[in-house]
Each structure stands twice: as C-alpha cells, then as structure tokens.
Amino acid sequence: MNVTLSRLDRLYLAKVADQAERYQDVINQLKDVIDANDAQLTIDERNLLSVAYKNLTANLRSSWRTIDTLQKKEALSSTRQEVKLMRVQKELIEKDIDALCRDVVGLLERSLIPAASDGEEKVFYSKMRGDYYRYLAELTRLNAKENLGATSLEAYKFAYQHALATLPPTHPTRLGLALNFAVFFHDIMHSPERACHLAKHAFDEAIATASQSPSAVGTNLEDSLMILQLMRDDLILWHGEIKKVD
C-alpha cells in the first residue's frame, strides 16, 4: 500500500515501532526524516534514533557475552565440533555488531554531525560516534588491521572539548559523555587509573557546581543524578581494581 507520509507521520510510526520493540523500523523511519530534512532532527526524533541503535547493539552484545561465557564454562566438556559451532555463532554475531556500528557511524559522519548546531546537539552526536567506534574496537578479531580505538579516542576528545566549552558540568549530556569516555579508558585502553581520573574530575565538578548553584542543574536533575550514581559505582569498582594491582 503506497501512502504519502509526512514528517509527523514518520515520527508517529517511529514511536509505535519503538513501543513494539521494532528498533530497525524506528531507524528506517528516522533515516527518511534525515534525508528529507537536511539531517535536522528534533530532540524527540534524535532520542528515538539513539535508543533504537542502543537497544539493537545492546541485544547483540548481550548475545555475544552469553556465548562467550558458554564457551569458557563448557570448554572442557564440549566436543571439538561443539566448540567450532559456538565459534561460528559468535562470529555471526560479531559481523552483525560490526555492520550495525558502521551503519550508525556512517550516518553520524555523513549527515548528523556536519549538520549539528554547536553545543548540546554536536556533543550528543560526537559522543555517539565515540561510543560506536568503541564497540567496533572491542571486535579485535574482525578489526585487527584498523586502529578503531584511536578513532574512538579522537571522537571522545572532540566531544569532550566541545562539552567543556559549551555545557555546564551538571548537564546530563556532558556527564554521560564523561562516563562513557572513562569506560573507554578502562575497557579499550586498559587504564583504570585514567578512567578514575576523568570520572572523578567530572563527578567532583558536577557536585561542586550543584552545591554552589542548585539552579544550574535545571530541569535535568533526575537524569544527572542517575548518571552520577553510575559514575560513582564505576569509580568504586575501578579503585578496587587499582588496589588489587598495588
């Protein structure tokens, strides 16, 4: 059935697809919006797109971790054929993760980041770019010849420098970026020390700003507090790792 769809129609369909957990349908609708509107998305559209990619990626990474755990758990009891079959399934998931991440970074680099306004929008998309290059960097077997960790670092650095210049320390986008940048240092660079340094600086700065000027938190209090709690939890874990090494 051929139906002419307006921008509002596509947003409505994306919201319905999101409720039905049809995340690829969400992405398809919003790609059409991007193409038809010079890559300018509203906050609602942008958040739907981000959540759709995030949920698809999270599901694939969870599946990968399940098989990875199974491989380790049953390594001694599995036959050679079973070990091979688990590896085949794991590699299929890795290829799906790779394709999905390259799809989103392509969309960001081609359309969304060049069209983004300075400030929160540019920080948001640049953070996304860092996140998805980080996921690609985790796939070391597939991407051994590409220095994707360096590309992720470059994306996070650009986003963080822009956030420092344009967003207050309590802004949830700036805090979320600091948290994910710290995770990059921990997971990709294998440096809990650098992860702790970045996260603690962002945490302390946000707390100090909120204490001195409660109005600086604005309407984003709940989101900011949630990220600060996640940051605090990670700091406790990473400090524990550092103490074990010492």
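**Reading salt bridges and burial**

Mentor: Start with D118. At 61% relative accessibility, D118 counts as exposed.

Trainee: What does exposed mean, and what do buried and partly exposed mean?

Mentor: Exposed is over 50% relative accessible area, buried is under 20%, and partly exposed lies in between (1.4 Å probe, protein chains only). A note on the source: this is a predicted model, where local features need pLDDT of at least 70 and side-chain atom pairs count only at pLDDT 80 or more, while totals for chains, interfaces and linings use all residues. Residues are numbered from 1 along each chain as its sequence is written, and side-chain values use heavy atoms, with hydrogens and water left out.

Trainee: Which side chain meets D118 in a salt bridge?

Mentor: First the rule. A salt bridge needs a side-chain nitrogen of Lys or Arg within 4 Å of a carboxyl oxygen of Asp or Glu. Here K122 pairs with D118, at 3.1 Å from N to O. K122 is buried, with a relative accessible area of 16%. D118 is exposed.

Trainee: How many salt bridges does the structure hold?

Mentor: The count is 17. Take E154 and R129 next. Their closest N and O atoms are 3.0 Å apart. E154 sits in helix α6 (residues 148-166) and R129 in helix α5 (residues 120-138), so this pair ties together parts that are 25 residues apart in sequence.

Trainee: How are those helices defined and numbered?

Mentor: Helices are DSSP runs (H or I, at least four residues), numbered from the N terminus.

Trainee: Is R129 buried or exposed?

Mentor: R129 is buried, at a relative accessible area of 14%.

Trainee: Where do D103 and K31 lie?

Mentor: The side chains of D103 and K31 form a salt bridge, 2.8 Å from N to O. D103 belongs to helix α4 (residues 80-115) and K31 to helix α2 (residues 23-36). The pair links distant parts of the chain, 72 residues apart. Both ends are partly exposed: D103 has 25% relative accessibility, and K31 has 22%.

Trainee: Which residues are linked in a network of salt bridges?

Mentor: D68, K72 and K90 are linked in that way.

Trainee: And L70: in which helix is it found?

Mentor: L70 is in helix α3 (residues 43-73). It is partly exposed, at 34% relative accessibility.

Trainee: What separates the C-alpha atoms of L70 and V83?

Mentor: Read two separations here. Along the chain, L70 and V83 are 13 residues apart. Between their C-alpha atoms, the distance is 9.9 Å.

Terms used: Helices (H or I, at least four residues) and strands (E, at least two) are DSSP runs, numbered from the N terminus.
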